[in-house]
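Subject: Structure handover, salt bridges

Hello,

The structure is below, for you to keep. My notes on its charged side chains follow.

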Amino acid sequence: MGMIRAAGLGYEYLRYEEEGQEPEVTKAIEDVSLEIQKGQFIAVLGHNGSGKSTLLNIIFGTLKGDRSFIRINGKVIKGAAFRTGLVAYLPQHDFIPSYLTVTQAVELYIPKERRNQFLGDRFLFKARHNRIA
């Protein structure tokens, strides 16, 4: 059994070509399945707009797929996988508001039971009151 297993992932969105026209349903990804073993590194390759980021966002839980089944370490994940602390994903664009301090950002993204340990890091402790930007 893989550490991360995903089956039947899909995501559709409405695309508007011109004002007043009926929107078209566009499939960003359709029926994608994968299994990643513990310690395995993978690469997701494809042209611009082919659904790479959409796939990773669905697995991570920041985007809800139309049809999805995510299992991590044998446990079915319901809701956002990033809240489990079992997966991490570094997006290509900034996602933490620059006006937040390091401590405020940690409070948003790190579960309560792990915050003190995280902020106890000697470098983060020194920067805990600094703004992100």
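Glu 17 is partly exposed, with a relative accessibility of 47%; partly exposed is the range between buried (under 20% relative accessible area) and exposed (over 50%), for a 1.4 Å probe and protein chains only. The model is predicted, so local features need pLDDT of at least 70 and side-chain atom pairs count only at pLDDT 80 or more, while totals for chains, interfaces and linings use all residues. Residues are numbered from 1 along each chain as its sequence is written, and side-chain values use heavy atoms, with hydrogens and water left out.

Glu 17 forms a salt bridge with Arg 15, at 2.8 Å from N to O. The term stands for a side-chain nitrogen of Lys or Arg within 4 Å of a carboxyl oxygen of Asp or Glu. By this rule there are 4 salt bridges.

Arg 15 is itself partly exposed, at 33% relative accessible area. Its side chain also forms a salt bridge with Glu 24, where the closest N and O atoms are 3.3 Å apart. Glu 24 has 40% relative accessibility and is likewise partly exposed.

Another of the salt bridges joins Lys 27 and Glu 30, with 3.1 Å between N and O. Lys 27 is partly exposed at 46% relative accessible area, and Glu 30 is partly exposed at 48%.

Arg 15, Glu 17 and Glu 24 make up one network, joined by salt bridges that share partners.

Regards
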